[in-house]
Amino acid sequence: MTFLEEIKRRRTFAIISHPDAGKTTLTEKLLLFGGAIHVAGAVKSNKIKKTATSDFMEIEKQRGISVATSVMGFEYDGYKVNILDTPGHQDFAEDTFRTLTAVDSVIIVIDAAKGVETQTRKLMEVCRMRSTPVIVFVNKMDRPCNDPFDTLDEIEKELRIKVRPLSWPIGNGEQFKGVYNLYENNLYIFKANKQTIEEGVAFGDISDQKLDTLIGDSAAATLREELELANGVYPEFDVDSYLRAEVAPVFFGSALNNFGVRELLHCFLRIAPSPQPSQAEGRMVRPEEEKFSGFVFKIHANMDPNHRNRIAFVKVCSGHFERNKAYHHVQLNKELKFSSPTAFMADKKSIIDEAFPGDIIGIPDSGNFKISDSLSEGEHLVFKGLPSFSPELFRYIENDDPMKSKQLAKGIDQLMDEGVAQLFVNQFNNRKIIGTVGALQFEVIQYRLLHEYQASCRYEPISLYKACWIESDDEAELEEFKKRKVQYMAKDKQGRDVFLAESNYMLQMAQEGFKHIRFHFTSEF
Ligand code: G4P
């Protein structure tokens, strides 16, 4: 196979949803279809159940599981499919954002009865920001739910994207009889089956009287009517508008019952984008470029507390990656060789000799990598699109054991490199402030500092509204601002100036008083 063919056959994507909509179940069913696993339940989810909001032992357990399911690759019908897992828990939203920077498309799962939920809306915003093509899977059609037209209207309104149904449900709940495949123009009759994959009954022509016999006169009449209406309301499906992220194709089904999953997968493989160019500072990096490049979008610490080894997940952006070849670590300005890069195939991981654009490689790391670092064949490439967001919650972190201050500093440093939270150092009193998007992270940090670094810490409250990265073309005004707000000035881990606003009012006052200063809520501007 040529290099170009290798790129074209790759589909790297993430499945996202509000917790409980069925992301894990759908992922598993796709893996079953792909032959990557053989029984349902073989892949454990990395989700943290809602009931375990503050149970960090549970998180630790989940962390161990999730390294295996971070990336699930499989071969199907000539395609190389890479599914990137994302944590469902909202406290880990930043992990999800970062994972979305490494995919070329997204499948959004919606619970048919619950419709579009908060987490889905937020994740869709990220997809919109990056113009990522999305496909929607309306799950749990075997449960009582809304009329499909209402569901489609809701998706369009709530996710702010035009929709085009590519399959159509026949009834729902106990009356759910199947889906008509609008993409292939055939019909699959629903058979509840939770364990293995079975083909449905293929139908060519909707006017065929056999349809009445199979699903009943009334359901058949409704289906014919609804399809006519749907084809009238929604313009013909246009792949390019999907690829431009203007239209989201919608499929209906029941992941638990393996229903509608085949239609989704087959259509997805055909229409979803192959690896796309990546934006770096100064230029776009095209996948088909000869020279290898990639960036780290995730770092996973190992479970074994005695070995502080980590795995850095690198997304291959261009060129051909080879094992044991020296590559340039851009941020460290150092040449590194990797003797045991791994690929992830469903529930297994194995050492690989090569990788292509779209692939994710796991690199065992003892502290060389941090999130957003890049590798190249010499070029100074810095990839964009991995910003830090202003945290929502802040606490001072203090050393609780004076004998262990070195360990604590190292622990905090490494956890921040992993992207667990953000660290700001107040320039006035030199105190360290941890900022997170969710309350859970504070416990994760405390627990991991103790178990992995033998360092104990305690938190002290600090009342902050936002951390803003500031910049200005007016050097004098910037200096004046920093002098006047000295108590509220901090540095982030990269040494950039951050203004810690105590309240929205204080932020507004600052913005009004210093017109030439730009206040940013993300670290990339
Ligand atoms: P998530 O990863 O998005 O959080 O959702 P997950 O797949 O874990 O699914 C959440 C719950 O919804 C699970 O039930 C799952 O079995 C159920 N589910 C998924 N797809 C369907 C479907 O098509 N129809 C119906 N009726 N249910 C579905 P649970 O009781 O929370 O977990 P479990 O004990 O069954 O694993």
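Pairing, packing and burial in a predicted model

Modeller: In this predicted model, strand S23 (residues 393-399) and S26 run antiparallel and are joined by five bridges.

Colleague: What makes S23 and S26 a pair?

Modeller: Two strands pair if at least two bridges are found between them; five bridges join S23 to S26, so they count as paired. Within S26, Arg 458 is the residue that stands opposite Glu 398.

Colleague: In what order do the eight strands of the open sheet come?

Modeller: The order is S26-S23-S25-S24-S28-S29-S27-S30, with antiparallel pairing. Strand S26 (457-461) and strand S30 (517-520) each have a single partner strand and therefore stand at the edges, one side of each being left without a neighbour in the sheet. From one strand to the next, the twist averages 40°.

Colleague: Which strands does helix H12 touch as it packs on the sheet?

Modeller: Helix H12 (residues 440-453) touches S23, strand S25 (432-436) and S26, contact here meaning heavy atoms within 4.5 Å, and the direction of H12 makes about 155° with that of S26. Helix H13 (residues 475-484), for its part, lies across strand S27 (466-472), strand S28 (489-491), strand S29 (497-501) and S30, and runs at about 150° to S27.

Colleague: Why does Leu 187 count as buried?

Modeller: The relative accessibility of Leu 187 is 1%, and buried means under 20%, so Leu 187 counts as buried. Leu 187 belongs to strand S9 (residues 186-189), and its C-alpha is 8.8 Å from that of Asp 205, although 18 residues separate Leu 187 and Asp 205 in sequence.

Notes: Residues are numbered from 1 along each chain as its sequence is written. This is a predicted model: local features need pLDDT of at least 70, side-chain atom pairs count only at pLDDT 80 or more; totals for chains, interfaces and linings use all residues. Side-chain values use heavy atoms; hydrogens and water are left out. Helices (H or I, at least four residues) and strands (E, at least two) are DSSP runs, numbered from the N terminus. Buried means under 20% relative accessible area, exposed over 50%, partly exposed in between (1.4 Å probe, protein chains only). Axes are lines fitted to C-alpha atoms, for helices over the stretch in contact, and angles run from 0 to 180 degrees between N-to-C directions.
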